[in-house]
Amino acid sequence: MIVNAVPPCQAACPIQMDVQGYVAAISRGDLQEADRIIRRTNPFPSVCGRICTRECEFVCRRGQKVDEPVAIRVLKRFAADRAESVVPCGPEKPYYEERIAVVGSGPAGLTAAHDLALLGYGVTVFEAEDELGGMMTRGIPGYRLPLEVVRKEIERILSLGVEARTSQVLGRDFTLHDLREEYQAVFLAMGSEKSFCPDCRGVDLSGVLTAVDFLKDISRGERPDPGEKVVVIGGGHTAIDVARTCLRLGAGEVSVVYRRTIDEMPAGMDQVEEAQEEGVAFRFVTAPVEFLGVKTVEKMRCVKMKVDKSCKGKGSLVCVEGSEFDIKVDSIILATGYGPRTEPVQELFDSLDGKVEIKDGSGATNMAGVFVGGDFLSGPTSVVQAIASGRTGADSIHRYLRSLAPVDTPEPVVLDDLDDQVAALVPRAQRRKIPALPVEERIKNFEEVELGYTLEEARAEAGRCLNCSAGAVVSYECASCLNCVLVCPYEVPRPGAERAEIDISQCQACGICAGQCPAAAIDLGLDPREKHREILREVLDRAGREAPGAFVLQFMCDFRQSRVPPSESGKAVYQVFRPGLGRMDVYELLAPFQAGAAAVQVAACRDQDCKFKDCAGWVRKNVKRAARVMDDLGLDPGQLSIVQE
Amino acid sequence: MMVAEAKPLAEIQGMIQGYRKILIAGCGTCVTVCLSGGAQQVEILAASLRTAGKQQGLAWEINEETQLRQCDPMFVQQIRDRTGEYDAVLSMACGAGVQTMAETLGDIPVLPALDTLFFGGADGQGGFVELCAACGQCILSRTGGVCPVARCAKGLTDGPCGGAQAGKCEVAKDTPCAWQLIYVRLLRLGQLHLLKESTPPKARRVHPARLVREG
């Protein structure tokens with residue numbers, strides 16, 4: 001049985017974001033805390049909140065076994081957009097003397113700059129374009145990622161004291177040699193934007209464009225006319241971005257031609273679906289043979305492909321004989337793969353296979369002090385992969401400059417799958433649909449398509465998180481009474497050899513066992529019992545000072561969407577929040593009276609609304625027990641009540 | 001295990017009426033398991049008494065402490081130094097715990113907050129049932145593992161009284177007749193012949209019993 005493990009969402013994330021931590025903070029409406037947790041590992045949450053490939057959602061245990069995954073990406077976007085902007089606190093002046101050059105200001109380069117600045121180094125970022133951001137500002141169209149969102153994140157990084165030099169091209173304006181003279185370490189993260197063009201006749205015709213150049217022009221505000229009929233070749237995000245952009249530029253017929261099947265497309269299915277909604281057509285298992293036309297492209301000759309599954313991996317592609325056909329086109333845009341521009345730093349590349357030579361996972365090259373990262377090293381990946389690479393780069397550079405040994409981080413232990421019988425007991429709750437502009441409106445302009453959640457929607461969606469790995473932990477105080485076995489609605493606790501055992505992979509963190517444990521031996525990961533007691537004491541102290549003998553204490557649930565009805569008594573109301581009211585015990589209901597409360601109200605859910613099975617029933621039982629004690633004490637049990645909106 | 005239940009609050013309040021500074025002492029063993037005197041119940045009783053004291057204008061100062069096992073002087077010794085400042089200790093242990101604490105602490109009144117009910121076990125539904133009377137001469141080998149001393153309302157050791165109806169005791173209608181249980185169990189075990197043997201009379205126990213550790 002695993003006793004300490006990370007949830008799969010966190011393990012799948014290239015930067016191991018504390019997903020359940022920030023989702024829990026959102027569910028209780030604490031956006032500042034959510035933003036703080038997010039920014040501990042991710043300097044681009046507003047960007048990832050829009051375009052992340054969301055590895056986390058594909059492994060979400062709710063999605064795997066219960067209903068649909070939690071909308072983690074949109075929740076991150078919500079927290080990052082809505083939290084008040086707090087400038088990260090870096091050192092006022094660099095702490096260390098060494099200066100570091102970062103070449104390329106995409107997510108990898110800027111993340112490295114961010115981390116190195118926070119570590120206390122002076123960092124200068126060199127960017128070939130006239131604006132920082134790499135593909136974030138010069139690749140992804142504004143309807144998916146508005147420029148101002150990226151600019152805001154970049155400003156935060158620059159506010160750490162990072163120096164930026166734009167329109168500086170490596171190999172034209174400066175050389176690697178120059179950098180090594182002036183800086184003690186160099187991080188090369190120039191991305192992967194050299195287009196690979198298919199080996200077709202007619203590729204030089206006018207009207208045949210490369211996706212990267214096309215999208216760069218768009219990001220600069222240019223609005224070229226792609227003509228009526230556009231064909232985009234490729235199956236990645238860029239191909240979809242280009243196709244949707246062409247629709248917005250007024251093209252009548254836009255189709256994406258991809259040589260493999262829809263299941264093999266590197267682009268996310270959500271992107272494909274959105275493109276289809278907007279009217280982009282897809283031709284799968286089709287490849288270009290030749291581009292035809294006089295000076296300007298007019299037709300594209302294609303051939304149908306067949307996947308030979310007998311080969312290893314995805315299978316090799318073979319042309320179907322005699323399947324050639326022509327498509328009329330006004331322009332063709334190639335999104336058929338990218339690689340790094342190696343020319344300015346040819347000395348780092350292996351002459352045989354053309355790959356950059358690195359020593360190990362740190363990204364260190366054979367040239368002392370020169371590190372590589374991001375898409376420049378890996379080829380095209382995702383923003384979050386690039387951020388991860390930037391983080392690794394910053395760490396490696398710090399270790400290199402400070403002569404620190406590399407840390408061998410063990411692979412995290414990941415929670416087991418949710419058992420089917422436990423999953424069957426989890427109350428169902430459908431994923432909140434992500435609001436978006438209507439199709440007819442959005443294809444007319446470059447306005448952002450996705451609108452994000454409202455606070456209510458975000459809290460409700462965050463409340464769907466199963467709080468994996470934040471469940472119950474049994475301490476040595478356990479008296480082995482096995483009350484937890486009797487009360488758990490999910491039938492998770494079991495009698496163990498020494499004491500009760502609760503499998504953290506299966507626990508749903510409702511806390512009912514903790515509230516019913518006579519030895520107070522069960523604690524939960526979300527918030528320890530002692531913290532709850534302390535918060536209650538603080539609130540009661542304050543209430544006792546401010547409104548002695550005349551206050552109302554309300555117990556609220558972090559996950560509850562409805563609220564208590566307005567107080568009519570005119571008494572001062574104080575609120576205490578709990579991540580599920582099922583984890584409360586009878587003491588907590590009585591303690592306010594000891595502090596002089598006039599009334600205690602428990603804002604419990606109705607059974608059908610509650611995130612946790614049987615939680616509302618346990619709240620009622622606890623209230624009834626506490627009311628009995630009050631009756632015994634000669635107090636009016638009516639002072640203690642369950643209130644519902 | 002010992003099974004106990006909390007005394008009515010009014011009775012407890014009456015007991016501590018004359019004292020000002022009181023320690024509520026829980027026990028981490030049997031009474032924790034039967035949800036009567038563990039750490040959580042100590043907290044609840046303390047909060048209840050503080051609230052009651054406030055209502056009645058009594059200046060009770062109440063602190064809490066839970067020991068692993070109150071029926072062992074070695075555990076009680078651990079808190080002996082701290083108890084000097086109290087006027088009374090309200091013990092949430094069984095009778096054995098209360099007495100051990102009283103004897104170990106010497107000159108501080110130790111008051112029982114629980115009524116000790118019986119030796120028993122869990123019924124698997126969250127409740128507890130009396131199963132043993134600690135008679136000192138166990139006959140379970142002859143009664144199919146069902147004790148008539150503890151479980152027969154009349155304590156009969158040589159067969160049923162004849163008053164049971166539909167397998168239920170005539171004294172308490174929701175209690176199964178112990179001798180019916182014994183019969184069914186012996187039938188299943190193929191040991192009905194044991195019923196033909198009479199149980200020799202038990203020697204009357206002289207209290208208090210002792211168990212001396214072998215030297």
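Predicted model: local features only at pLDDT ≥ 70, side-chain atom pairs only at ≥ 80, totals over all residues.
The predictor gives the complex an ipTM of 0.88 and a pTM of 0.88. For chain B, the mean pLDDT is 94, and 100% of its residues reach 70 or more.

The secondary structure of chain B consists of seven helices and seven strands, which follow one another from the N terminus in the order β-α-β-α-α-β-α-β-α-β-β-β-α-α. Because the radius of gyration of chain B is 21 Å, well over the 17 Å that the globule rule gives for 215 residues, chain B is more spread out than a compact globule. Its C-alpha atoms fill a box of roughly 65 × 45 × 25 Å along the principal axes. Chain B is also divided into two parts, with domain 1 covering residues 2-118 and domain 2 covering residues 134-196, and the centres of these two domains of chain B, taken over C-alpha atoms, are separated by 37 Å. Of the 215 residues of chain B, 35% count as buried, and among the contacts in chain B with a separation of 6 or more, 56% come from residues 24 or more positions apart.

The contact between the chains takes 22 residues from chain B and 20 residues from chain A. On the side of chain B that touches chain A, the elements giving two or more residues are helix 1 (9-16), helix 2 (30-33) and helix 3 (39-55) of chain B, and of these helix 3 of chain B gives the most, with 12 residues. Sorted by class, this side of chain B has nine nonpolar, 10 polar and three charged residues.

Some details of the backbone remain. In chain B, a cis peptide bond joins B:His207 and B:Pro208, with omega about -5°, and B:Pro208 has its place in the segment after helix 7 (178-189) of chain B. In chain A, A:Ser469 has a phi near 70°, a positive value in a residue other than glycine; A:Ser469 sits in the loop between helix 19 (455-462) and strand 17 (472-474) of chain A, and counts as buried because it has 23 C-beta neighbours inside 10 Å. A:Ser480 likewise has a positive phi, of about 60°, although it is not a glycine. This serine, A:Ser480, is found in the loop between strand 17 and helix 20 (483-487) of chain A, where A:Ser480 has 16 C-beta neighbours inside 10 Å and therefore counts as partly exposed.

A further loop residue of chain A is A:Thr409, found between helix 16 (383-402) and helix 17 (420-425) of chain A. A:Thr409 has 7 C-beta neighbours inside 10 Å, so it counts as exposed. From C-alpha to C-alpha, A:Thr409 and A:Met17 are 16 Å apart in space, while in sequence they are 392 residues apart.

Technical notes:
Residues numbered from 1 in each chain as written. Chains lettered and ligands numbered in written order. Contact = placed C-beta atoms within 7 Å. Helix = DSSP H or I, 4+ residues; strand = E, 2+ residues; numbered from the N terminus. Nonpolar A, V, L, I, M, F, W, Y, C, P; charged D, E, K, R; others polar. Domains from an automatic or database assignment. Rg over C-alpha atoms; globule rule 2.2 N^0.38 Å. Buried ≥ 20, exposed ≤ 12 C-beta atoms within 10 Å, placed from the backbone. pLDDT = per-residue confidence, 0-100.
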